[in-house]
Amino acid sequence: ITAQSGGTFSNGTNTITVDASELSSVTYTPPAYTHGTFSFAIAYSMVDVDAYGDSDTVTTNEDTTFSISLASHVDSVAVAISPNVTTVLEGQELALGLDLAQTDSDGSEIASVVVTGLPEGAVLSAGTIRTLEDGSREFVLKASEVADAKVIADPYYSGDFTITARAYSYDIKSSEISESNVVTKDFSITPVASNLITVDADGFG
């Protein structure tokens, strides 16, 4: 048996030769993260040791093909928050260091990351804002927006906050959705003293 569309049999190769008594033990593993139609070629021999009622042996060789279909299945997805720094000065942008890992090699899945926990007045440098029923906000990032996402806080905001992120993957073939574990990271924006302006009240300096 030869796998014509990639993948391997239980012997670790794309071709396997077995006795008829061993056919039930043969397994096939398709290429990772693929779906669709997989074709196989079979060459087999039939031996009749009593073909004409006596000791004559007749061997017949046949070649044929068959195929199987594997439906698409949503793959796992993961996200991490791994910034270079977790503390910046007031008025500075803060890179989240989001890292999205999606194991989709056939292009059938769409990944996104939902981020929450931004302080009041802050936004992300990318993504779409959604306001939930309880008044809280979440930011939805496309896969292409994840790596460069930054927190842009109010210019005069300072304080500590915790960012929460979860990744999702949607399979457009099967309509299945997978989601990652929730990850969190603490951040801090440090206050900066404002410049003082001295006013001469009596006009004489």
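Analyst: I begin with the term strand: strands are DSSP runs of E with at least two residues, helices are DSSP runs of H or I with at least four, and both are numbered from the N terminus. The model is predicted, so that local features need pLDDT of at least 70 and side-chain atom pairs count only at pLDDT 80 or more, whereas totals for chains, interfaces and linings use all residues. Residues are numbered from 1 along each chain as its sequence is written, and side-chain values use heavy atoms, with hydrogens and water left out.

User: How many helices and strands does the chain have by that rule, and where is Val114 placed?

Analyst: The chain comes to zero helices and 17 strands, and Val114 has its place in strand β10.

User: Why is Val114 called buried?

Analyst: Buried means a relative accessible area under 20%, exposed means over 50%, and partly exposed lies in between, all with a 1.4 Å probe on the protein chains only. Val114 has 13% relative accessibility, and therefore it counts as buried. Over the 205 residues of the chain, 25% carry that label.

User: What does Val114 touch, not counting residues up to four places away in sequence?

Analyst: Contact means heavy atoms within 4.5 Å, and by this test Val114 touches Arg130, Glu138, Phe139, Val140, Thr164, Ala165, Arg166 and Tyr168. One of these, Glu138, is 24 residues from Val114 along the chain, with 6.5 Å between the two C-alpha atoms. For the chain as a whole, residues 24 or more positions apart account for 60% of the contacts with a separation of 6 or more.

User: What makes a set of residues a nonpolar core, and which residues touch the most other members of the largest one?

Analyst: The set must consist of buried Ala, Val, Leu, Ile, Met, Phe, Trp, Tyr and Cys residues joined through side-chain atoms within 4.5 Å. The largest core has 25 residues, among which Leu98 and Val115 touch the most other members. Two or more residues each come from β6 (77-81), β10 (109-116), β13 (137-142), β15 and β17 (183-190), and β15 gives the most, with four. A second, separate core of six residues includes Ala3, Phe9, Ile16 and Phe40.

User: Why is Val47 called exposed?

Analyst: Val47 has a relative accessible area of 54%, and because this is over the 50% cut-off the residue counts as exposed. Val47 lies in strand β4 (residues 36-48) and touches Thr57, Val58 and Thr59, leaving aside residues up to four places away in sequence.

User: Why does Gly7 count as buried, and where is its place?

Analyst: Gly7 has 18% relative accessibility, which is under 20%, and so it counts as buried. Its place is in the loop between β1 (2-3) and β2 (8-9).

User: What makes a space a pocket, and what volume does the largest pocket have?

Analyst: On a 1 Å grid over the protein atoms alone, a pocket is an open set of points where a 1.4 Å probe fits, with protein on both sides within 12 Å along at least five of seven lines, and lining residues have an atom within 4 Å of a point. The largest pocket has a volume of about 280 Å³, the volume being the space filled by probe spheres set on the points, which are joined across faces, edges and corners. Its lining includes Ile1, Thr15, Asp19, Leu23 and Tyr44, and by class it has eight nonpolar, three polar and one charged residues. Here Ala, Val, Leu, Ile, Met, Phe, Trp, Tyr, Cys and Pro count as nonpolar, Asp, Glu, Lys and Arg as charged, and the others, Gly among them, as polar.
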